[in-house]
Amino acid sequence: MARQLQLLGAAIALFAGFSSVAPLAEAYDPLDPTGNITIKWDIMQWTSDGYVAVVSIYNYQKYRHIQAPGWNLGWVWAKKEIIWAMVGGQATEQGDCSQFKVNIPHCCKREPTIVDLLPGTPYNMQIANCCKGGVLNSWVQDPVSAVASFQISVGRSGTTNYTVKAPLNFTLKAPGPGYSCGVAHEVKPPTKFISQDGRRTTQAHVTWNVTCTYSQFVAQRAPTCCVSLSSFYNETIVNCPKCSCGCQDNITGPGSCVEGNSPYLASVLNGLGKSSMAPLVQCTPHMCPIRVHWHVKLNYREYWRVKITVTNWNYRMNYSQWNLVVQHPNFDKVTTIFSFNYKSLSPYGVISWYSCTFLIIFVNSIFNVLANNRYFAADDTGMLWGIKYYNDLLMVAGPDGNVQSELLFRKDPSSFTFEKGWAFPRRIYFNGDSCVMPPPDVYPWLPNSSPVLKASSLVRPIAIWTALLFLWLRM
């Protein structure tokens, strides 16, 4: 064991050395290392004083999506540009356009903010991939719905590849903070477009790409979900840790939560701030908008069953197109998901550093030895989400504010055990945000063996010694 710990320490030190020279992303997600939102700006044609462009937003994140009230996109013009017209989107403010007497621009602000149009917009105001109310699905759940587009006609910008300038300081809100966007880079060659009949290809005059990454620490200071645990073999119910997402403080923060049976509940929900994005949660010890409960339900000869319940404690939010990401060592043996969609995620197959690949395999092998091959698997991460039109909408807090399903796993004789909390997940994410887990030392463990069972293991040695003693006395 000492030798293994020495090797582990050396591997960690070597990995730290690689990390110090390798470029690290500020918002790096180990489960989705290449996930980002890419903004593509394609100039399609020139006009007398500017150009017409198609701006597309691609959500390349595996499990993080943008839900209602949707995204809004902002930037700062590099020169004195204006927006003459838009299709598929609109600026939230027109700005000061008093210098224009005849043709009034759509927006004259130097820092415009653009939002998507709502479903049901007239067809003459639509383009492809527009008008979803700003909602973008995650790439795993629905790649088709993970794209948004709008068309923009820009004036006073320059009319050639050499005089036009890319916008600066892009911002993306979804609808709150969390995303940080880089600078616009010109893509060469520009984007190519294929006609519907597939027989003709055209290309943009200029293409700029902007990459935006997400950080949960930027999005909110406190967590947004927590996990509770229970099992059939132990009466203990491990609740979410107290104050997981904040604490009840009626002195300095009155109105931070509301009792579920309060007679004033309706007036609070319909009063001022009812449309605020700030959650209004039911008063609980954990104070989280979302609680995920993992219950080890049944044990069969070759299978074992788990029940997952997701409860919404937020009175201000319907969670549409929600999803869970669960890390558990037995997900490579999942056989049936009864009322959720499921897809396996493989976060370990995308590492591009050859030296680090060897290093991580080496470190993982040491951990496997230390953990008796129980805690690490090549495919230990799964994504769960609701079935469309059935349970893809998690209602606000109340009787209908929960969704649930059961999972059936096949037992692996080489690794399966109920001991020491193995049956519970290592990490759970709700809508891409990491949930607060209970400390491992309070997990429901198997009860200790009964004294009768312990004594039975001594029957054979006692019988042998009794026989030897009997023979010795006969001699």
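**Sheet, cores and disulfides**

Reader: Which residue of strand 2 stands opposite Asp42?
Author: Strands are DSSP runs of E with at least two residues, while helices are runs of H or I with at least four, and both are numbered from the N terminus. Strand 2 covers residues 50-59 and runs antiparallel to strand 1. In strand 2, the residue opposite Asp42 is Val54.

Reader: What kind of model is this?
Author: Residues are numbered from 1 along each chain as its sequence is written, and side-chain values use heavy atoms, with hydrogens and water left out. Local features need pLDDT of at least 70, side-chain atom pairs count only at pLDDT 80 or more, and totals for chains, interfaces and linings use all residues, as this is a predicted model.

Reader: How many bridges join strand 1 to strand 2?
Author: Two strands pair if DSSP finds at least two bridges between them. Strand 1 and strand 2 form a hairpin with 3 residues between them. They run antiparallel, and the number of bridges joining them is 9.

Reader: Which residue in strand 13 is the bridge partner of Ile39?
Author: Strand 1 also pairs with strand 13, in the antiparallel sense, over 7 bridges. The partner of Ile39 there is Val210.

Reader: How many residues of strand 1 are buried?
Author: Buried means under 20% relative accessible area, exposed means over 50%, and partly exposed lies in between (1.4 Å probe, protein chains only). Strand 1 spans residues 37-46 and is mostly covered. Its buried count, out of 10 residues, is 7.

Reader: What is the strand order of the open sheet of 4 strands?
Author: Strands of a sheet pair through backbone hydrogen bonds, either parallel or antiparallel. The pairing in this open sheet is antiparallel, and the order of its 4 strands is 5-6-3-8. The edge strands each pair on one side only; they are strand 5 (89-91) and strand 8 (168-173). To restate the order, it is 5-6-3-8.

Reader: Which residue of strand 6 is the bridge partner of Gly89?
Author: Strand 5 and strand 6 (residues 113-116) run antiparallel and are joined by 3 bridges. The partner of Gly89 in strand 6 is Asp116.

Reader: What share of the chain's residues counts as buried?
Author: The chain holds 6 helices and 28 strands. Its accessible surface (Shrake-Rupley method, 1.4 Å probe; for residues, only the protein chains shown count as cover) is about 26200 Å², with 58% belonging to carbon and sulfur atoms. Of its 475 residues, the buried share is 42%.

Reader: Which residues touch the most other members of the largest nonpolar core?
Author: A nonpolar core is a set of buried Ala, Val, Leu, Ile, Met, Phe, Trp, Tyr and Cys residues joined through side-chain atoms within 4.5 Å. The largest one has 37 residues, and those touching the most other members are Trp294, Trp304, Ile308, Val310, Leu324 and Phe430.

Reader: Which residues of the second core can be named?
Author: The second core is separate and has 34 residues. Among them are Trp41, Phe150, Val164 and Trp208.

Reader: Which residues does Leu324 contact, leaving aside neighbours within four places in sequence?
Author: Contact means heavy atoms within 4.5 Å. Leu324 meets Val292, Ile308, Val310, Gly382, Met383, Leu384, Ile428, Tyr429 and Phe430.

Reader: How many residues apart in sequence are the parts tied together by Cys181 and Cys212?
Author: A disulfide is a pair of cysteine sulfur atoms within 2.5 Å, and the structure holds 8. Cys181 and Cys212 form one, S to S 2.0 Å. Its S-S torsion is about 100 degrees, so it is right-handed. Cys181 lies in strand 9 and Cys212 in strand 13, so the separation of the tied parts is 31 residues.

Reader: What is the S to S distance between Cys226 and Cys240?
Author: Both Cys226 and Cys240 are buried. The torsion about their S-S bond is about 85 degrees, so this disulfide is right-handed. The S to S distance is 2.2 Å.

Reader: How far is the sulfur of Cys107 from the closest cysteine sulfur?
Author: Cys107 counts as buried, at 0% relative accessibility. The closest cysteine sulfur is in Cys108, too far for a bond because the distance is 6.6 Å.
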